Amino acid sequence: MKKFSILDIQRLKHEGRKITMLTAYDVQIARILDSCGVDMLLVGDSLGNVVLGFENTLPVSMDDMVRHTQAVVRGRTRAFVVADMPFMSYQASCEDALRNAGRLVKEAGAEAVKVEGGVNAAPAIRAIAQADIPVMAHIGLTPQSVHRMGGFRVQGREEQQRQKLVADAMAVEEAGAFSVVLECMPADLAAEITQRIAIPTIGIGAGPGCDGQVLVINDVLGLSGPFRPKFVKQYVQLEDIIGKAAGEYINEVRSGIFPGDEHIMK
Ligand code: KIV
């Protein structure tokens with residue numbers, strides 16, 4: 001299967017075809033999603049809450065991101081792998097940003113990195129892009145800014161915020177980002193941004209007017225607990241399926257049905 005590249009992502013936008021992206025954190029899920037033909041795999045720092053059990057993404061470290069990106073890279077053959085830059089890996093200086101982006105490409109095998117922020121993140125995006133590391137920006141609801149935002153809430157409902165988000169989108173494009181995630185904003189604003197910039201927009205909770213869509217894989221699979229944001233579509237309820245399988249195993253071990261004759265080494 002032909003490897004999907006940054007050129008294919010740009011081509012899809014120009015041809016008006018939708019770009020697909022899902023998160024992945026481990027080799028098996030990466031292998032399955034890759035074989036289904038997803039265009040991009042995002043090793044999101046949602047790793048923190050989705051996989052590691054933290055309340056938010058802030059505790060995720062560079063070592064966490066390197067380890068999980070390595071696993072995802074081992075599982076894919078075609079998809080383009082983007083790795084998140086975790087909180088405080090790029091905010092303090094452009095040198096930090098460049099060094100840490102370099103680790104994700106060199107040690108972990110990512111093909112691009114993702115940075116949260118608009119105008120404020122433009123210097124870091126520029127520094128990384130100038131080293132020929134493709135950067136995906138991320139504006140709107142940026143989970144690393146949870147304390148500034150006062151929680152996870154829709155961004156860009158007021159006129160002033162709308163103008164700020166348009167300015168953010170233009171700033172990240174100008175700084176050299178190859179694409180931008182638009183998270184949790186009114187659909188008409190996301191559609192306007194998509195029209196006004198040349199780089200592909202990837203929406204999550206931003207409506208159908210974006211060039212592509214991304215979702216957290218655990219939300220898609222019904223593996224993220226009872227809270228489900230309105231913008232998520234859950235395609236299967238794996239929690240029930242896993243619970244049923246594990247329950248059967250426990251009963252069979254307790255009652256002596258497992259292991260049966262066919263599972264015994266001779
Ligand atoms: O970390 C993540 O999973 C993300 C997506 C929600 C876009 O940033």
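**Reading a barrel and one of its strands**

Guide: In this predicted model, eight strands close into a barrel, and their order is S1-S2-S3-S4-S5-S6-S7-S8 with parallel pairing. From one strand to the next, the twist averages 25°.

Visitor: How many bridges join strand S5 to strand S6?

Guide: Two strands are taken as a pair if at least two bridges are found between them. Here, S5 (residues 135-140) and S6 (residues 179-183) run parallel and are joined by five bridges.

Visitor: Which strands does helix H8 lie across?

Guide: Helix H8, residues 159-175, lies across S5 and S6, and its direction is at about 175° to S5. Helix H6, residues 122-130, lies across S4 (112-116) and S5, at about 165° to S5.

Visitor: Let us turn to a single residue. Is Glu183 buried or exposed, and how far away is the nearest side chain of opposite charge?

Guide: A salt bridge requires a side-chain nitrogen of Lys or Arg within 4 Å of a carboxyl oxygen of Asp or Glu. Glu183, found in strand S6, is buried and has no salt bridge. The nearest side chain of opposite charge is that of Lys114, 6.3 Å away.

Visitor: With which side chain does the side chain of Glu183 make a polar contact?

Guide: The partner is the side chain of His138, at 2.8 Å.

Visitor: Which residues does Glu183 touch, not counting residues up to four places away in sequence?

Guide: With those sequence neighbours left out, Glu183 touches His138, Ile139, Gly140, Leu141, Pro143 and Ile204.

How values were computed:
Residues numbered from 1 in each chain as written. Predicted model: local features only at pLDDT ≥ 70, side-chain atom pairs only at ≥ 80, totals over all residues. Heavy atoms only, no water. Helix = DSSP H or I, 4+ residues; strand = E, 2+ residues; numbered from the N terminus. Axes fitted to C-alpha atoms, helices over the stretch in contact; angles between N-to-C directions. Contact = heavy atoms within 4.5 Å. Buried < 20%, exposed > 50% of the residue type's maximum accessible area, 1.4 Å probe, protein only. Lys, Arg positive; Asp, Glu negative; His and termini not counted. Polar contact = N/O pair within 3.5 Å; in protein donor to acceptor, adjacent residues only side chain to side chain.
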